[in-house]
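Me: I'm new to this one and would like to get my bearings. Could you show me the structure and take a few questions?

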Amino acid sequence: MKIRWNRFFPIETILMALANLRGNKFRSILTVVGIVIGVLTVIVIASLLTGVRNNIVQIVEEYGVNNIYAFHLSTGPRIGNRDRSEYKRKPLTSEDGDVIRAQASAVEDVANTAFVWGIDNTISYNGFTYKQADLQGASPSYARVANLSIREGRFFNDIDDDHRRNVMVLGVNAANAMFPNSSKIAGSEVQMAGKTWEVVGVLEKRKGSFFGENEEDNLVLIPFQTVRKLSARSDFVMLVIRAKTGQLPQAMDQIEEILRRQRGVKFNEPNNFDLGTADRFIEQFDSIFGAIGLIAIAISSVGLLVGGIGVMNIMLVSVTERTREIGVRKAIGARRRDIVSQFLFEAMTLTFMGGLIGVVLAIGISYLLMLLLPSLPASIPLWAIVAGLGVSIAVGLIFGVWPARKASRLDPIEALRYE
Amino acid sequence: MKSVYSFYADAAIIALQSILAHKLRAFLTLIGIIIGVASVILVAASIDGLNSYVTETVSKVLGANHFMISRIAFVGNVSQEDFEKMDRRNKRLTWEDLDWLINECTTCSEVGAEAQTRRDLKENGQDLFGTQIIGDTANMAEITDKTISEGRFLLPHEVTHSEWVCVIGNDVREKFFPGQNPIDKTVKIDGMPMRIVGVEEKRGTMFGNSLDNMVYIPLTSFERLFGRRWTLQLHGKASNHDDFQSTIEEARMSMRIKHKLKSNEEDDFGLVNVEQVNNQVDQFTGAIATVVVPITFISLVVGGIVVMNIMLVSVTERTFEIGLRKALGARKRQILLQFLIESSFLTTVGGAIGILAAIGIARLITYGTGITMTVSIFYVVLSVAFSGGIGIIAGLYPAMKAAKLDPIVALTKN
């Protein structure tokens, strides 16, 4: 049995369309350019947006995908100030962390971090001063829980913490600012808040960055208990909890239950604390970013729309010009379907070529952008490429239908007489 | 003279005729330009709308022709060092400074003072968190253009006698007195009952923060309640907009004299005015516009390419006609002009319709959703100029191609 391939994939029609496009080279090129520009804009914009999002995801996930952040105030991006009523809540305590570690079976480890305020965080060493330090207290388990890697020296141990020693671990920015060309930083003594501190370790630079910056690199860590000695007012504690692999949801439930019990929340009251995960941060980010992305892509696809109208226009011209040819084809037995598919495929070939060139150029431009501006994130999403090609074919289909139908409805007798 | 006129008139008539001969084609070409122009104007209008929304909100909060002197004040970002320097140098502003400014700033129409803090209010078991408690002189209502919907604002004698009265914002009213007349009732601030004499009209939110969660009390009562360690914010108002800058300068000079600053010393107080805030807003929306508007212009470029393509088709179709005209003595210039007029006519008409469409849509959106859209003349002119320019550029190549046709070849073709 002979399979009629040309029913599914009309090679002859496509060849004819290609020959026709070659016949009107300049016109075809101009038509294609419209589509190319449209597809190009959409994909470049999409790749910039995706790049920004990937950076955020990378930063969030670098802290650990199995981590849960417990804090007494709501966290994450928001518009406007926090609801003032939240400030009535009492902060979490390290005891809450101990209870979670002891009672939650799905939890691997818990680290306490404390925000430090009320002291001058200027660090000075040998004439250098560093003012941008993001000073935080952290328990010894923090390095493991938050995936910190140590470039030099060590992290705090339990002895540092228990004895409330004046030791600190520097983030890479602080280390570079104060020790510009020293290779051995650990063991140095720096001054902060009128006390002498021993630098026991230096953190590795975080891999993820947002426009070349990562807040984490500004960190300067001191032992959790030392914060208590230094500034009793700094009682805002965030618990960083690592769930066992694959048990994040169970861990969430257990922590919620334990914290509600610890904080005496009545059964009909909502949580007076906040549990954040990497996924939730990304979700919150997406809910804001998605709207921006939608608007940006909508604006940039106007060009594609205009390009599509150009295709329709040219196809109409093409139909008028080839009235006689259509008449001949019809006279020797071409059906309506054949004429429609001829012009539809011609339009789709045109726009598909535009889409293809647009995608290739967009990839080129995105790489160029990444090369020229390394801090500007760009990453070409596969869906954008597929969508770019798909949309360009669809544009040909949508804007080709009318000219094609117009051609197929021509009366062969009239068409043959057409001058 | 007549020949020059008829030369252009003929060219224009021929151009028009050829457009009318292919109505559908012309229409489709127009649509490209219309969409391009309309999208440029609409996007610009929504950015400008955002700008004027913020500016309006700012002036609603701050009042027109209003400036403020306080211990530390700045607009935008300031470096840590500068801030610390200000923090060390700048002195507290006192009642003495206020009296001085009232006497010395002759062009100020009003000078008042304010101090503020936040408190949580509690009334009949209801909580209202983070209410701004603002101590005001009686003229602050005029300086910051407050609208009082019920009752009145604070009176001068209430300020001099530090009476326990207050004017409440709409949030306070809705929380504690829903559906009641709050006048002559009391709210407690730090346990001290305050008689309500007025309610401020609802002001809405700015950047997600409510502007109605306020209680205004006499500045003297504020100091009785919270102590006298507060630094005052001095607020001044210029009598009209033209004198605004000179009034600010005068206020600055008199403050410098009061603080005995030498000519080479910096101000030891901060001075901000409404216009600085507006400039800051302009900078922000300007940054958005420089990114977004060029993207919309891309669609206009694509529209231009469509025009060029159609003009090329038109030239090809009319090869015979061009040959004939040339054989009858038409010069290159005339052929060139004929096609240029055709293409720029197309784009100009497209541009005009685009503007109308954009204005219509902007009105519709403003009417339907309440989002402010401001169609600015600048972008209208820009997009018309751009679309007209596109018409000429896109028409130039096809027109030149037509003008260069050899009449013999053209006539024998087809």
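Reply: Here are some questions and answers about the model shown above. It's a predicted model, where local features need pLDDT of at least 70, side-chain atom pairs count only at pLDDT 80 or more, and totals for chains, interfaces and linings use all residues. Residues are numbered from 1 along each chain as its sequence is written, chains are lettered from A and ligands numbered from 1 in the order in which they are written, and side-chain values use heavy atoms, with hydrogens and water left out.

Me: Which element of chain A has the highest mean pLDDT?

Reply: pLDDT is the predictor's confidence in each residue, from 0 to 100. Chain A has a mean of 84, with 94% of its residues at 70 or more. Among its elements, helix α1 (residues 5–8) has the lowest mean, 54. The highest, 91, belongs to strand β7 (residues 167–170) of chain A.

Me: How many salt bridges does a search of the whole structure find?

Reply: Side chains of opposite charge can pair when their charged atoms come close. Here a salt bridge is a side-chain nitrogen of Lys or Arg within 4 Å of a carboxyl oxygen of Asp or Glu. Over all chains, the search comes up with 35.

Me: How many residues apart are A:Asp286 and A:Arg53?

Reply: The side chains of A:Asp286 and A:Arg53 meet in a salt bridge, 2.8 Å from N to O. That pair links distant parts of the chain, with A:Asp286 in helix α10 (residues 278–300) of chain A and A:Arg53 in helix α3 (residues 25–62) of chain A. Helices (H or I, at least four residues) and strands (E, at least two) are DSSP runs, numbered from the N terminus.

Me: Is A:Asp161 buried or exposed?

Reply: Buried means under 20% relative accessible area, exposed over 50%, and partly exposed in between (1.4 Å probe, protein chains only). A:Asp161 sits in helix α6 (residues 158–162) of chain A. Its relative accessibility is 8%, so A:Asp161 counts as buried.

Me: Why does A:Arg335 count as partly exposed?

Reply: A:Arg335 forms a salt bridge with A:Asp338, the closest N and O atoms being 3.5 Å apart. A:Asp338 counts as partly exposed because its relative accessibility is 25%. A:Arg335 is partly exposed too, because its relative accessible area is 45%.

Me: Which residue meets B:Asp184 in a salt bridge?

Reply: B:Asp184 lies in the loop between α7 and β6 of chain B. It has a positive phi of about 70° although it is not a glycine. Most residues other than glycine have a negative phi. The side chain that meets B:Asp184, at 3.1 Å from N to O, is that of B:Arg195.

Me: What is the relative accessible area of B:Ser162?

Reply: B:Ser162 is in the loop between α6 (156–160) and β5 (165–168) of chain B. This residue isn't a glycine, yet it has a positive phi of about 40°. B:Ser162 is buried, because its relative accessible area is 11%.

Me: How far apart in space are A:Asp161 and A:Gly246?

Reply: Along the sequence, A:Asp161 and A:Gly246 are 85 residues apart. In space, C-alpha to C-alpha, the distance is 31 Å.
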